[in-house]
Amino acid sequence: MIQKLADLQPIILMGLLMTMYTLESFMPYLEKPVHKRSHDIQNFILTFLSILVNGLVGTGVVLVIIFTESHKLGLFNQIQLPSAIEILTSVLLLDFGSYCNHHLLHKIPILWSFHRVHHSDLNLNTSSSLRFHPFEVVYSQGLYFCIAIGLFGVSMTSFIIYGTMALILVIIQHSNIRFPDWFEKYGRYVFSTPGWHKIHHSNEQRFTDSHYGDVFTFWDRIFGTWHQIRPDEIKYGLKEFADPKKQKVGYQLRLPFIKISK
Ligand SMILES: [Zn+2]
């Protein structure tokens, strides 16, 4: 069963990217950007690189899970819990760790220099979902998960379930689709919905430095890192990247090594 879910991940990834990208044309949330074609091509090149690097570091993470299980390392390899409790706790811990890690990406200058590739997008749509610098993918999808799995002894089952949830949400969150009001109103009690996450992409720093949760909204609510604002009231991106030349793939890949004043 869990192997089937793991095997399905590439299909979920490509299927959801294509479905959301197509639906945006019929039920857009905000107007299309002026240079949509160029915007989307640049983003999909970065997406391709992210998927490639993710595949490589994902293999490393799987090896770490096998190692921790066989050597009984990490919390859940030391204690016996009913499997449903273990999976639920692991998913929550991985998401809380991810919330903390996302906070660090914004607060530590060297990490922000990579993460701002994702935030510098001036127009959010499905093509923005996996617009990450390859080094950030190594850090957030590789190093972070290796440390979290080593500490908590997360099982393969829990990792695949969390990874699938995060994958589905990251694509839905960035899509430029108008979802029904009830979906936003009730969904965000638990999940980081599209309207909730888009506030994180505001070009105003107080909003950018909030709504860090990847899957759940609990952590932002507990630590007060959230705002009540409609996403159609905000402007996306970072003000220092308004020049279209700064949206090109070549510039974005060099971005972490360029000194930029706000
Ligand atoms: Zn961020």
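This report walks through the zinc site, the nonpolar cores and the aromatic contacts of a predicted model.

## Ground rules

Since the model is predicted, local features need pLDDT of at least 70 and side-chain atom pairs count only at pLDDT 80 or more, while totals for chains, interfaces and linings use all residues. Numbering runs from 1 along each chain as its sequence is written, and side-chain values use heavy atoms, with hydrogens and water left out.

## The zinc site

Five histidines hold the zinc ion through NE2: His-102, His-106, His-115, His-119 and His-200, at 2.1 to 2.2 Å. Donors here are N, O and S atoms within 2.8 Å of the metal (3.2 Å for Na, K and Ca); water is not among the atoms, so sites may look incomplete. Along the chain the spacing reads H-x3-H-x8-H-x3-H-x80-H.

His-119 sits in helix 4 (residues 109-119) and His-200 in the loop between helix 8 (194-198) and helix 9 (205-208), so this pair ties together parts 81 residues apart in sequence. Helices are DSSP runs of H or I with at least four residues, numbered from the N terminus. His-119 is buried at 1% relative accessible area, and His-200 is buried at 0%. The cut-offs are under 20% for buried, over 50% for exposed and partly exposed in between (1.4 Å probe, protein chains only).

## Nonpolar cores

A nonpolar core is a set of buried Ala, Val, Leu, Ile, Met, Phe, Trp, Tyr and Cys residues joined through side-chain atoms within 4.5 Å. The largest one has 17 residues, and Val-61, Leu-94, Phe-145, Ile-149, Phe-159 and Tyr-162 touch the most other members. Helices 2 (36-70), 3 (83-107), 5 (134-152) and 6 (156-174) each supply at least two of its residues, with helix 5 giving the most, four. A second, separate core of 16 residues includes Leu-17, Val-137, Leu-167 and Ile-171.

## Aromatic contacts

The whole structure has 19 aromatic pairs, meaning Phe, Tyr or Trp rings (six-membered ring for Trp) with centres within 6.5 Å; planes under 30 degrees apart are stacked, over 60 edge-to-face and the rest tilted. Tyr-99 and Phe-223 have ring centres 5.8 Å apart and planes at 20°, so they count as stacked. That pair links helix 3 to helix 10 (residues 218-223), 124 residues apart. Tyr-99 is buried at 3%, whereas Phe-223 is partly exposed at 49%.

Tyr-186 and Tyr-189 are at 6.4 Å and 40°, so that pair is tilted; both are exposed.
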